Amino acid sequence: MEKPSFIVDCMLGRLARWLRIMGFDAEYFNDIDDDLLIEKALCENRILLTRDTGIKIPPDVGSIFIKDDHWFYQVRQVLMSLPEKFPLKPFRRCILCNVETAPVSREDVEGQAPPYVYSTQKNFSKCPACGKIYWEATHSERMKESLKLMVEGTGFEIEGEEFTG
Ligand SMILES: [Zn+2]
């Protein structure tokens, strides 16, 4: 089964960010006109997420009209709208670029990660597009707690022992 990917309209930046954190491919542009948004949805087979009541969406474009103002409920609406449920793999995608991050060795990030981080963390990954480095502590407890609450009751589960316990 192909996992759904998304294209998110300009009004829904935080929703896009959370979908990326959850591991979804979610394209987002600060500024994009409706025609291009729809064209990209169609060509790249992405579900269009929008809050824009004025946008004319052709019937062959999959879309979800987002009802709530708050990102927490927006994420839940998207999750509940997806018919296929699968384990979510959070923290594997660059929040800024939507590109999958790759594990890198500790030596590779020497001088790039803050010294304290470098001396206390073992596992690092890096975005191949922007070079941003991620490590365990970049995923704060608060973020994990929000993830758990967002996913609760949607039929999805989050992979990783910190979520299943
Ligand atoms: Zn990046």
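**Figure 1. Leu 19 in helix H1.** Leu 19 is a residue of helix H1 (helices are DSSP runs of H or I with at least four residues, strands are runs of E with at least two, and both are numbered from the N terminus). The model shown is predicted: local features require pLDDT of at least 70 and side-chain atom pairs count only at pLDDT 80 or more, whereas totals for chains, interfaces and linings use all residues. Residue numbers start from 1 along each chain as its sequence is written. Leu 19 is classed as buried because 27 other C-beta atoms lie within 10 Å; the class requires 20 or more other C-beta atoms within 10 Å of the residue's own, 12 or fewer make a residue exposed, values in between make it partly exposed, and C-beta atoms are placed from the backbone. Neighbours within four places in sequence aside, Leu 19 is in contact with Phe 6, Phe 24, Ala 26, Val 75 and Val 78 (contact: C-beta atoms, placed from the backbone, within 7 Å). Leu 79 is 60 residues away from Leu 19 along the chain, and their C-alpha atoms are separated by 9.5 Å.

**Figure 2. The crossing of helices H1 and H3.** Helix H1 comprises residues 13-21 and helix H3 residues 71-81; their axes come within 9 Å and cross at roughly 55° (axes are lines fitted to C-alpha atoms, for helices over the stretch in contact, with angles from 0 to 180 degrees between N-to-C directions). H1 is therefore oblique to H3, a term for angles left over once those under 35 degrees are called roughly parallel, those over 145 roughly antiparallel and those from 65 to 115 roughly perpendicular. The crossing is right-handed, that is, the near helix is turned clockwise from the far one, whereas a left-handed crossing has it turned anticlockwise by less than a right angle. H1 contributes Arg 14, Leu 15, Trp 18 and Leu 19 to the contact, and H3 contributes Trp 71, Gln 74, Val 75 and Val 78.

**Figure 3. Val 75 in helix H3.** Val 75 belongs to helix H3 and is buried, since 26 other C-beta atoms lie within 10 Å. Residues up to four places away in sequence not counted, Val 75 touches Leu 15, Trp 18, Leu 19 and Met 150. Leu 147 is 72 residues from Val 75 in sequence, with a C-alpha to C-alpha distance of 9.7 Å.

**Figure 4. The surroundings of helix H1.** The buried residues of H1 are Leu 15, Ala 16, Trp 18, Leu 19, Arg 20 and Ile 21. Their cover includes strands S1 (6-8), S2 (26-28) and S3 (47-50), together with H3. Gly 23, which follows H1, has a positive phi near 105°. Of the covering strands, S1 and S3 pair in the parallel sense over three bridges (pairing requires at least two DSSP bridges between the strands), and Val 8 stands opposite Leu 49 in S3. S3 also pairs in the parallel sense, over three bridges, with strand S4 (residues 63-65), where Ser 63 is the bridge partner of Leu 48.

**Figure 5. The loop between strands S5 and S6.** Cys 97 is located in the loop that connects strand S5 (87-88) to strand S6 (102-104). Cys 97 is partly exposed because it has 15 C-beta neighbours inside 10 Å. With neighbours within four places in sequence left aside, Cys 97 is in contact with Cys 127, Ala 129 and Cys 130. Tyr 28 is 69 residues from Cys 97 in sequence, and the two are 9.0 Å apart from C-alpha to C-alpha. Asn 98 lies in the loop between S5 and S6 and is buried, as it has 21 C-beta neighbours inside 10 Å; its phi is positive, near 70°, although the residue is other than glycine. Phe 91 also lies in the loop between S5 and S6. Phe 91 is not a glycine, yet has a positive phi of about 65°, and with 19 other C-beta atoms within 10 Å it is partly exposed.

Figure 6. Three strands, in the order S6-S7-S8, form an open sheet with antiparallel pairing. S6 and strand S8 (133-135) are the edge strands, each pairing on one side only. From one strand to the next the twist averages 40°. Strand S7 (residues 124-126) is joined to S8 by three bridges, and Lys 126 stands opposite Ile 133 in S8. The protein chain is divided into domain 1 (6-90 + 141-164) and domain 2 (102-138), with bounds from an automatic or database domain assignment. The domain centres, taken over C-alpha atoms, are separated by 27 Å.

Terms used
Two residues are in contact if their C-beta atoms, placed from the backbone, lie within 7 Å.
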